[in-house]
Amino acid sequence: MKTLVIGAGNMGLTYAEGMAKSAMLNRRNLMVFDKSADVIARLRELDHFDVYEKLEDCLPQADMVFVAVKPYHCDTLFEEMKPMVNEEQIFVSLMAGVTIAKIQAGLGVKKVVRSMPNLPAQVGKGVTSYTESKEVSRVELLMVRNLLDTTGESIHVKNENFIDASTGISGSGPAYVFYFMQSMLEAALKMGFSKHDSKVLVSQTFEGAVELFNRNDLSPDTWMERVASKGGTTRAALDSMDDNNVKELIKEAAYAAFDRAVELGEDK
Ligand SMILES: NC(=O)c1ccc[n+]([C@@H]2O[C@H](COP(=O)([O-])OP(=O)(O)OC[C@H]3O[C@@H](n4cnc5c(N)ncnc54)[C@H](OP(=O)(O)O)[C@@H]3O)[C@@H](O)[C@H]2O)c1
């Protein structure tokens with residue numbers, strides 16, 4: 001299975017590196033194409049995969065094509081790709097908001113998988129949601145999944161509405177966590193901790209809490225009750241958050257991202 005990644009930026013390169021490190025593809029089967037001469041030179045020096053500067057040298061021989069350019073570049077890219085693609089190829093889009101119908105129409109193809117990755121893919125801890133056009137077979141979808149899983153975990157969703165919804169949870173989600181971290185860092189600094197100590201206090205707290213959460217089936221609510229005792233310090237913090245409606249505001253924020261993802265899809 002020859003796989004091509006188009007666009008070696010943050011996401012494209014993350015996926016190419018993930019696939020290169022996995023046992024899924026051998027080196028000869030992984031190709032990367034980017035239009036930037038600087039990127040090509042840097043990748044050739046890295047020497048992790050075959051790098052191409054002309055689409056005609058790589059696209060026609062690919063069985064699977066990951067498209068990882070910014071959504072606003074897709075029209076120009078599709079025009080360039082269209083004369084070189086065929087109906088047997090599978091196109092996996094990592095682009096936010098670009099619908100399966102748009103990709104099918106833009107390229108004149110049928111087999112399309114649309115996915116929503118997130119930033120922790122860079123450290124092998126990403127989560128990618130994905131869904132497919134009806135022309136993609138089960139076996140083909142399994143191959144796609146195996147490649148997506150090289151950057152973390154993936155979840156199959158039943159339609160594109162859930163791709164937009166997962167943008168609101170996992171796609172934009174790392175920023176919500178950073179928002180919370182930043183708030184705690186600022187509180188720690190205000191209390192007089194050094195920058196270094198504040199960072200350790202906050203990052204270990206996040207890492208430890210996630211580790212506990214992952215080790216068993218307890219809900220976050222149950223963990224909160226375990227940490228908080230009546231009249232104690234944690235209870236005071238949680239009561240303050242409840243009084244300020246923080247939970248509802250976070251849910252509202254996730255919906256704002258979801259709504260924006262739908263809106264962006266409609267614009268395109
Ligand atoms: N970053 C994230 O956290 C994230 C999360 C979810 C989804 N995504 C999706 O991932 C996609 C890529 O995002 P990114 O942050 O990785 O973007 P990026 O860093 O800008 O990478 C895109 C790369 O593709 C190149 N490119 C542009 N047009 C091209 C063309 N016609 N042919 C070949 N290469 C081309 C760009 O070159 P130039 O720089 O010269 O234009 C750049 O090197 C986006 O569609 C985004 O919606 C990203």
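Visitor: Why is Asp47 called partly exposed?

Guide: This is a predicted model, and in it Asp47 has a relative accessibility of 46%. Buried means under 20% and exposed means over 50%, so Asp47, at 46%, counts as partly exposed. Asp47 sits in the loop between α2 and β3 (50-52).

Visitor: What is noted about the phi of Asp47?

Guide: The phi angle of Asp47 is near 60°, a positive value in a residue other than glycine.

Visitor: Where is Asn245, and what is its phi near?

Guide: Asn245 lies in the loop between α11 (233-243) and α12 (246-267). The phi of Asn245 is near 65°, again positive in a residue other than glycine.

Visitor: Is Asn245 buried, partly exposed or exposed, and what makes it so?

Guide: The relative accessible area of Asn245 is 41%.

Visitor: Why is Gly126 called buried?

Guide: Gly126 has 6% relative accessibility. The limit for buried is under 20%, so Gly126 counts as buried. Gly126 belongs to strand β7 (residues 126-132).

Visitor: Which residues are in contact with Gly126, leaving aside its neighbours within four places in sequence?

Guide: With those neighbours left aside, the contacts of Gly126 are Asn118, Pro120, Ala121, Thr151, Gly152 and Glu153. For Glu153, which is 27 residues from Gly126 along the chain, the C-alpha atoms of the two are separated by 6.2 Å.

Visitor: Which residues make the contact of α8 and α9?

Guide: From α8 come Val177, Phe180, Met181, Met184, Leu185, Ala188 and Leu189. From α9 come Lys195, Ser198, Lys199, Val202, Ser203, Thr205 and Phe206. By class, this contact has nine nonpolar, three polar and two charged residues.

Visitor: How do you know that α7 and α8 are roughly parallel?

Guide: The axes of helix α7 (residues 160-171) and α8 cross at roughly 30° and come within 5 Å. Angles under 35 degrees count as roughly parallel, so α7 and α8 are placed in that class. In the contact, Thr167, Gly168, Ile169, Ser170 and Gly171 of α7 meet Gly173, Pro174 and Tyr176 of α8. These residues divide into three nonpolar, five polar and no charged.

Visitor: What makes up the largest nonpolar core?

Guide: This core has 28 residues, and those with the most contacts inside it are Met19, Leu43, Phe49, Phe66, Val92 and Val113. At least two residues each are supplied by α1 (10-21), β2 (30-33), α2 (37-46), β4 (64-67), β5 (90-93) and α6 (138-148). The most come from α1, with five residues. Another core, of 26 residues, lies apart from it, with Leu4, Phe33, Leu59 and Phe91 among its members.

Visitor: What is Val92 in contact with, beyond its neighbours within four places in sequence?

Guide: Val92 is in contact with Met64, Val65, Phe66, Val67, Val113, Ser115, Val144 and Leu148.

Terms used. Residues are numbered from 1 along each chain as its sequence is written. This is a predicted model: local features need pLDDT of at least 70, side-chain atom pairs count only at pLDDT 80 or more; totals for chains, interfaces and linings use all residues. Side-chain values use heavy atoms; hydrogens and water are left out. Contact means heavy atoms within 4.5 Å. Helices (H or I, at least four residues) and strands (E, at least two) are DSSP runs, numbered from the N terminus. Ala, Val, Leu, Ile, Met, Phe, Trp, Tyr, Cys and Pro count as nonpolar, Asp, Glu, Lys and Arg as charged, and the others, Gly among them, as polar. Axes are lines fitted to C-alpha atoms, for helices over the stretch in contact, and angles run from 0 to 180 degrees between N-to-C directions. Angles under 35 degrees count as roughly parallel, over 145 as roughly antiparallel, 65 to 115 as roughly perpendicular and the rest as oblique. A nonpolar core is a set of buried Ala, Val, Leu, Ile, Met, Phe, Trp, Tyr and Cys residues joined through side-chain atoms within 4.5 Å. Buried means under 20% relative accessible area, exposed over 50%, partly exposed in between (1.4 Å probe, protein chains only).
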